[in-house]
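Dear colleague,

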Amino acid sequence: MKISIYPIVIGVLLVFCSCSKLNHEYTIAFDNKVVIEEFPIVEKCDSGEIVDFNTIGNREIKIIDSIAVLSTAANKGAWKVVSLTHYSVLGEMIDAGNAPHELTVIPMLSQASFLLQNNRTILSVPDNMTHRWHNIDLEKVISGQQDYDSITPDYDIDNFTIYKGLYHDNIEYKITVNPAEGNIIRHIATNNQAVSSTNLEWLNHFSVDKPEKLGLLMPTVALSPSRKMIAEVYNLYPQINIYSISDNRATTITQYGKIADYKKYLGKSSETPQPIYRGVRGYEDFFVVNKIGENESTELQFFDWDGNPLVAVTIPSTVTSFDINFNSGTLLTVDFTKDIIKKYDISHILSQLNFHN
């Protein structure tokens, strides 16, 4: 649905096409750039309300209507299906091991794909070591059935695969590393057919001279299947790339004109760059970037898929994972460093901007 917040505050956006004094060869950005000076709406949350699912080692959360999947640091029953109504555990899944239905290494929850098949939510979890997907029927997990997991071979995922996401409309998005060439390769397919894109070619051409430096190029992505748009953030650089997979539209969003040159981290210097972002999550009408704030605070920055800034929400605590419960108008956050889950009422924000999942 179109978000009606226009006109945006004067001075928010300024388009420019040069890279200032930076060497474009070492700047992971598109030619079209937008500078954001401020967000039209700025909100500050209170300390929030602690939510206790009676789980420990909480890592990431993904909300599906009135339930959520919560990943933990455990090796057995590592992921929990939890109720957002009663704040209880409804079922457990995902074991590490070498048995037929165990995973060699338990991935991050953000590496899993959530698909709707025959009105049932299927969680597809990649196991790169064994080249296969574990397809988990969440309804069976909740009802306690033991045959909730089916296996699908996929030799397209291996030890060089960093991420492979399965999306609606038969879209696949994959990120692989190429240590020999020192670059990160993005692949997109629709209906099992590879998509040719000048945007992908441009982003894939950046390289480093040593495999151990590949982390300097690593993106975190969010994808909108309906809009055929992708948003990328990089933990170390103050910019966001958004680009289309159906045409040549592409923009780099920068704040206050700042943009990254990763060349300064390529040498033998022991300098460790400070992280700026913790990731990005996509929704139907918008995407949200998790920006690290000062004094353990977090700023969640909302953008529409055209790159327009919508709202910045400041949270006075660390957020390592988050998701939005559109049914209740609440934001759930996870702080893995302190093992704390909190919820915040953001219904007024969602209502004001007419946000829907």
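The protein chain exposes about 16,800 Å², of which carbon and sulfur atoms supply 49%, the areas coming from the Shrake-Rupley method with a 1.4 Å probe. Please keep in mind that this is a predicted model, in which local features need pLDDT of at least 70 and side-chain atom pairs count only at pLDDT 80 or more, while totals for chains, interfaces and linings use all residues. Residues are numbered from 1 along each chain as its sequence is written, and side-chain values use heavy atoms, with hydrogens and water left out.

Of the 357 residues of the protein chain, 53% count as buried, meaning under 20% relative accessible area with a 1.4 Å probe and protein chains only. The radius of gyration, taken over C-alpha atoms, is 20 Å, which agrees with a compact globule of 357 residues because such a globule would have a value near 21 Å; the rule behind that is 2.2 Å times the number of residues to the power 0.38.

The protein chain holds three helices and 27 strands, which are DSSP runs (helices H or I, at least four residues; strands E, at least two). Among its contacts with a separation of 6 or more, 50% join residues 24 or more positions apart, a contact being heavy atoms within 4.5 Å.

Along the principal axes, the C-alpha atoms of the protein chain fill a box of roughly 60 × 50 × 40 Å.

Conventions. Buried means under 20% relative accessible area, exposed over 50%, partly exposed in between (1.4 Å probe, protein chains only).
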